[in-house]
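Please walk through this protein chain with the model open beside the text.

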Amino acid sequence: MTKIKDIIQYLEGIAPAAYQESYDNARLITGNSSTPVTNLLITLDVTEEVVQEAIDKDCNLIVAHHPIVFKGLKSLTGKNYVERTVIKAIKNDIAIYAIHTNLDNVFNGVNKKICDKIGLTNTRVLVPKKQVLSKLVTFIPKSDTQKVLEALHRAGAGHVGNYTHCSFRVEGTGTFKPNEEANPHIGKANLQEEVTEDRVEMILPAHLEGAVLSALKQAHPYEEVAYFMTSLTNSNQEVGSGMIGELAEEMEPFDFLKHLKNSMDLACIRHTQILPESIKKVAVCGGSGSFLL
């Protein structure tokens with residue numbers, strides 16, 4: 001039977017929690033992750049009415065975009081709608097999970113969906129996120145390089161934009177001398193050994209460091225695996241705030257506003273003063289977006 005943690009694992013495979021902003025609280029907010037899921041309710045915000053709907057429809061998991069709890073609660077007395085909603089969910093054994101700015105920040109998340117509905121092409125992240133990448137450098141005996149590379153790729157290393165299986169390698173000579181306590185894959189105790197090795201370098205998402213190192217150690221033939229893991233300041237072009245794209249053809253401002261209204265199925269839209277220039281390139285943000293101006 002599907003459990004809450006299975007749903008979370010699936011969702012965070014699309015939008016890793018590591019990509020949420022520092023102020024956010026995207027996570028399981030109430031409930032036990034080991035509980036089997038009866039039914040699931042999806043919502044933008046969690047309110048008392050939404051919890052009641054979950055009760056009426058026999059849903060014990062609510063997946064929301066906005067977290068009902070942003071900051072720590074110092075009491076649960078029902079003095080505001082946040083506390084009342086949390087109390088009601090707990091009383092009725094309903095779990096609440098929020099997937100917020102991490103879903104905004106991934107390439108195929110909220111902003112890409114807006115771009116698709118508007119009809120934008122050549123899309124890219126408006127402000128790519130920094131310090132979410134790492135680089136692995138390791139040394140592999142040449143006969144085992146391909147096997148280890150495949151294990152690292154399966155763990156999530158070597159993905160760059162639309163490309164997978166990305167790595168750099170150069171051949172060299174590794175030297176070592178095992179002592180009496182060693183159990184070497186190659187060589188004998190107290191004898192200097194030389195092995196033709198590949199130095200392999202790969203980029204990976206920082207939140208996958210643990211999984212990638214585990215895969216490296218399981219696939220590598222050596223008893224002691226030599227590696228370096230380095231945090232990078234490079235921007236990840238696939239992760240970040242907002243998105244920018246282009247219309248198939250330039251549109252006059254009022255025509256674009258009509259197109260926006262129709263494509264997003266809106267009753268009304270708010271806008272600033274109309275400018276005279278025709279519109280071709282459009283930036284979007286599934287949130288307030290003031291910091292992107």
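## Sheets, core and packing

Three strands make up an open sheet in the order E5-E10-E11, with antiparallel pairing. The edge strands are E5 (121-130) and E11 (279-284), each pairing on one side only. Neighbouring strands here are turned by 30° against each other on average, direction ignored. Helices (H or I, at least four residues) and strands (E, at least two) are DSSP runs, numbered from the N terminus. Two strands count as paired if DSSP finds at least two bridges between them.

This is a predicted model, in which local features need pLDDT of at least 70, side-chain atom pairs count only at pLDDT 80 or more, and totals for chains, interfaces and linings use all residues. Residues are numbered from 1 along each chain as its sequence is written, and side-chain values use heavy atoms, with hydrogens and water left out.

E10 (residues 235-251) and E11 run antiparallel and are joined by five bridges. Ile244 has Ala283 in E11 as its bridge partner. Two helices pack on this sheet. Helix H5 (residues 110-118) touches E5, E10 and E11. Helix H8 (residues 253-263) touches E10 and E11. Contact means heavy atoms within 4.5 Å.

Asn236 also sits in strand E10. Asn236 counts as buried because its relative accessibility is 10%; buried means under 20% relative accessible area, exposed over 50%, and partly exposed in between (1.4 Å probe, protein chains only). Leaving out residues up to four places away in sequence, Asn236 touches Tyr19, Pro128, Lys129, Val132 and Leu133.

A second sheet is built from four strands. It is open, antiparallel and ordered E7-E8-E6-E9. Strands E7 (168-176) and E9 (227-232) stand at the edges with a single partner strand each, so one side of each lacks a neighbour in the sheet. The twist averages 25° from one strand to the next. Nine bridges join E6 to E8, which run antiparallel. Thr138 stands opposite Val200 in E8. Helix H6 packs on this sheet and touches E6, E7 and E8.

Axes are lines fitted to C-alpha atoms, for helices over the stretch in contact, and angles run from 0 to 180 degrees between N-to-C directions.

| H5 | E10 | about 10° |

Next, the nonpolar core. The largest one has 17 residues, and those with the most contacts inside it include Leu136, Val148, Leu152 and Val212. E6 (133-141), H6 (145-154), E8 (193-205) and H7 each supply at least two residues of this core. H7 gives the most, with five residues. Such a core is a set of buried Ala, Val, Leu, Ile, Met, Phe, Trp, Tyr and Cys residues joined through side-chain atoms within 4.5 Å.

Val212 is found in H7 (residues 209-219). Val212 is buried, with a relative accessible area of 0%. Beyond its neighbours within four places in sequence, Val212 contacts Leu136, Leu152, Ala155, Ala157 and Leu204. Val148 touches Ile140, Leu216, Ala219, His220 and Pro221, on the count that skips residues up to four places away in sequence.

How do H2 and H3 cross, and at what angle? The axes of H2 (residues 48-56) and H3 (residues 81-91) come within 9 Å and cross at roughly 15°. That makes H2 roughly parallel to H3, since angles under 35 degrees count as roughly parallel, over 145 as roughly antiparallel, 65 to 115 as roughly perpendicular and the rest as oblique. Glu48, Val51, Gln52 and Ile55 in H2 meet Tyr81, Arg84, Thr85, Lys88 and Ala89 in H3.
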